[in-house]
Structure formats: structure tokens, C-alpha cells
Amino acid sequence: MSNIVAIVGRPNVGKSTLFNRLIKKREAIVDSVSGVTRDRHYGKSDWNGKEFSVIDTGGYTVGSDDIFEGEIRKQVQLAIEEADIIVFVVDVEEGITPMDTEVANLLRKVKKPIFMAINKVDNAMREADAVEFYNLGLGDHYTISSINGSGTGELLDALAEKLEDAPEQENELPRFAVVGRPNAGKSSFINALIGEDRNIVTNIAGTTRDSIDTKYNRFGFDFNLIDTAGIRKKSKVKEDLEFYSVMRAVRSIEFCDVAILVIDATRGFEGQDENIFWLAEKNKKGVVILINKWDLVEKETNTMRDFEAQIRREIAPFTDVPIIFISALTKQRIFKAIETAVEVFENRKKRIPTSKLNETMLDILKQNPPPAYKGKFVKIKFCTQLPTPTPQFVFFCNLPQYVRDPYKRYVENKLREIFDFKGVPIVIYFRKK
Ligand code: GDP
Ligand code: GDP
């Protein structure tokens, strides 16, 4: 029920180039793993109306060949466990290398859709060379050039067929995902919220269990909790655990309406926390930030205010996200946390009637119109909210191409101020009338 696409393959075959093409120049989330010479990239994209997350499992910069091999094997294994669809990239210039064969051997056992992308097929001559890769005996083949884009449309068409449609969300209970770094206190928070009676689903060794979506009623609220905690393999070293937890976050965020991001107050709001935050934002999910372990923090007059201000700086311009200071241990503000998550859920479903939207917004925008550009004036004539699962607005005007980002942010802020979209990403379009 999720759409996570992982790009795997040995170094230099063009994984990052393909990744950038797949996310269509949208901003990627870069997860720089400290102490390891690589970055992982997460992005969100859509094709033929279906949305998916893309994970580029890593570019490696330096290191010896055996480090590579071990690392790549691990990355491929994680991708196999956690992704729904795998794109295996190979390089027609180099031909089949022993490492390709090794990756292919790992992938051959997998029962998930696998697409082999034979990359760097920049011209017809190279089509002939691509035939060699059929010897790997793997899945469907696509000859592509990530650099000039040829063939990537066909790959995406085929991939999109394997993607799931976005689930209907109307009239359903809110689905909450509790996400955060290892040890932030996710399990403790869930236990504080729903007690120890949560379903414990045991796992068959060596497999990962799927997300479960369990219905609860607590403090008078009905909601579903997405539990992707799973069971971690003991052998996983620290950096894998981080990757694992981010993969888990990607998955549970895809399923949810509101991501409840748990932060460890004793560690502050760090890079990983920020990555998970932006994942939720890019997925247009509601967000509530819980600063957990507040019982451990020595408090002075402005401790809370300063903490909050620092986070709001990091998450700008999406700044009206609720931030709640809790302790899963003492159960401080657990009710407040869930109450707020329900509010954010309601905000995300909010529909502003077109007449009301026009009455309020057009006046305001008339008083503060977009700055004239090349001597031309932008006139906004009409606006409406789209019937999408998350708030999106279209403003019709004469010269949409002259409306710049600062003005879009101004409009977004006004919408937030007037209609309260606290905790919910908003999308704004300017279109020609
Ligand atoms: P990664 O290590 O697998 O992520 O590979 P990169 O995306 O960094 O690409 C490695 C090199 O191959 C870079 O120099 C790219 O410019 C080049 N490259 C990637 N895709 C293509 C392609 O379709 N054709 C050609 N000719 N070069 C490519
Ligand atoms: P998870 O990996 O995010 O699920 O984190 P856990 O819920 O397993 O918590 C990690 C550690 O932090 C455990 O030792 C918890 O007892 C501790 N912990 C969690 N929440 C709190 C809290 O609010 N206060 C304190 N003092 N410790 C906490």
C-alpha cells in the first residue's frame, strides 16, 4: 500500500542522474551519513497521476573496492526489504561487471517488481550493446539515457503501472504515524498513549512485517495508528539503523494523514529530524512536532520559547506547525499531543467555500497586489480551492508567469492566518484566466 521506489546499482552507473530526472528537478532531501562518504537522496514524484517516493541508495565517493562491495550489498538488501519497487541501474558503457552480477543475484530472489534500467544508451548504436544485459536474466529491461532523458518516459510508464493508487481518504479515521530517530521515544509515546495493550505482531525471522494500521480510541478520539516499528535485526550497525529508521519513516509517512514527529529534547532538532520533517512536508502530510523527554531538560524562564524558536527557524517557511513539549515517561501533555494531531487532521481536510475564499482573499490581494514586473500589472480575478486530499488553491490572473515566490508565500501566509491551516502544507498555483 505504499509506493517506494529504490534505485540500486554499483557506483557511477548513473543512479543520481536518473534520480534527478525522476524527481523532475524538485528539491531532494539529502541524508548525509556522518563518517561515511556518501549521501542518500529522497525525493517525491508523480507520473500518470500516481505519486511515489524515490530513494537513491547512495553515491559513493572514495573508498576501496571491498568497502564498496560490502556497502552495496547492504544497500541492496535494505532496498529489497523496504522498497516496493526496485530500479536496478547498469551502465552500457562498461558492460556487465562482476558487481552487477552480484547485485543481480541478490535481486533475482526478490518477489517485488524489478526494472532493469540499462543506462547511458545515449544513441541508437548503443541499443545493440544493451542486449548483453539480458544475460543477467532479470525482470523487464529498459534502455535509457538519464542524461538526455530518452527511454525514461517508457520506464516511468511501466513503473507507474505497478504503483498503487492513492487510497480514498474521505470519511476515514485520521491515520497517524509516529516517526522520529531511533531512541527519540516513539515506542514510549505510543505506550503512554494507548497503554501496553497494543498489538504485538510477531515477526517471522528474516522478514519484515508490513505496516499495520490499528484502530484505537483514546481520550475520546478515534484514530488509526500506523505502526511500522517492525523488528530490527540485531546485527545492524548504527548507520544501518539510521537508514532503516528513515526508510521506515518514508513508508509510514506515505500511509498517514498526520505525521507525529518525536524529537529527543536532550539532543535537539538535528539533521535527521529535519529530513523526516521535510519528508512529511513533501508528501503534503500534516505534521505535529513533539519535543519528548522534557522531564530531562533543565528549565529556565525562556527554555521552551528558545527551543521552539530554533525549530521554527529550521522549518521556515512552513512555520505554523504545532510544537508540543511532552514527556512520554511522566505522560505529560499526551492528551494535548493527540488532540492537536486530530486538529491538524481536520485542518488538512478543510474546504473553504469558493464564495468565502473570494470575498476575503480578493480584497486583501487587491490592497497588496504582486509587484509590477517589466511595467506590467498582475490582476488576480478569482480563486478557488481544488478538490484535492490536501489544501491546494488556484488563483486565476492575467499574468501568472510574473508572480514570484515571495508573493506566493505572502498569499500562503494570509490563507494560514485567516483560515487556520496549522500543521498542514498548502500548495498555491497561479493560472491564467
Ligand atoms: P551514481 O554513482 O550511480 O549515482 O552515478 P552518477 O549519476 O553520479 O553518474 C556517474 C557518471 O555517469 C556521471 O559523470 C554522469 O554524468 C554520467 N552519466 C549518468 N547518466 C548518463 C547517461 O545517460 N549517459 C552518459 N553518457 N553518461 C551518464
Ligand atoms: P524509540 O526508539 O523512538 O521507540 O524510543 P523508545 O521509546 O524506545 O525510548 C528510548 C529511550 O528513551 C528509552 O530508554 C526510554 O525509556 C527513554 N524515554 C522515552 N521517553 C522518555 C521521556 O519522556 N523521558 C525520559 N526521561 N526518558 C524517555
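**Predicted model of a protein with two ligands**

The protein has a mean pLDDT of 84, and 84% of the residues score at least 70, where pLDDT is the predictor's confidence in each residue, from 0 to 100. The model is predicted: local features need pLDDT of at least 70 and side-chain atom pairs count only at pLDDT 80 or more, whereas totals for chains, interfaces and linings use all residues. Residues are numbered from 1 along each chain as its sequence is written, and chains are lettered from A and ligands numbered from 1 in the order in which they are written. The scores of the model are ipTM 0.73 and pTM 0.74. Confidence is highest in strand E12 (residues 286–292), with a mean of 98, and lowest in strand E2 (residues 29–32), with a mean of 57. The pLDDT falls below 50 over residues 199–211, a stretch that has 13 contacts in the model beyond near neighbours in sequence; two residues are in contact if their C-beta atoms, placed from the backbone, lie within 7 Å. Residues 230–235 also stay under 50, and the model has 6 contacts for them beyond four places in sequence.

The protein contains 12 helices and 16 strands; helices (H or I, at least four residues) and strands (E, at least two) are DSSP runs, numbered from the N terminus. Of its 433 residues, 39% count as buried. A residue is buried if 20 or more other C-beta atoms lie within 10 Å of its own, exposed if 12 or fewer, and partly exposed in between, with C-beta atoms placed from the backbone. Among contacts with a separation of 6 or more, 72% are between residues 24 or more positions apart.

Strand E1 (residues 4–8) is mostly covered, with 5 of its 5 residues buried. Ile 4, Ala 6 and Val 8 point one way from E1, Val 5 and Ile 7 point the other way, and all are buried. In a regular strand the side chains alternate between the two faces of the sheet. Strand E5 (residues 85–91) is likewise mostly covered, as 6 of its 7 residues are buried. E1 and E5 run parallel and are joined by 4 bridges; two strands pair if DSSP finds at least two bridges between them. Ala 6 stands opposite Ile 86 in E5, and Val 8 has Phe 88 as its bridge partner there. E5 is also parallel to strand E6 (residues 114–119), to which 6 bridges join it, and Val 89 stands opposite Ala 117 in E6. From E5 the chain crosses through helix H3 (residues 98–108) to E6, in a right-handed β-α-β crossover; a crossover is right-handed if, with the strands pointing away from the viewer, the path from the first strand over the helix to the second runs clockwise.

Around ligand 1 there are 15 residues, of which Gly 14, Lys 15, Ser 16, Thr 17 and Lys 120 come nearest; a residue is near a molecule or strand if its C-beta atom, placed from the backbone, lies within 6 Å of it. Helix H1 (residues 15–22) provides the largest share of this shell, 3 residues. By class, the shell around ligand 1 comprises 3 nonpolar, 9 polar and 3 charged residues, where Ala, Val, Leu, Ile, Met, Phe, Trp, Tyr, Cys and Pro count as nonpolar, Asp, Glu, Lys and Arg as charged, and the others, Gly among them, as polar.

Backbone geometry was examined in several loops. Most residues other than glycine have a negative phi, and most peptide bonds are trans. Asn 12, in the loop between E1 and H1, has a positive phi of about 75° although it is not a glycine. Asn 12 counts as partly exposed because it has 13 C-beta neighbours inside 10 Å. Asp 420 has a positive phi near 60° and is placed in the loop between helix H12 (405–419) and strand E16 (427–432). A cis peptide bond, with omega about 5°, joins Ala 316 and Pro 317; Pro 317 is found in the loop between helix H9 (303–315) and strand E13 (323–325).
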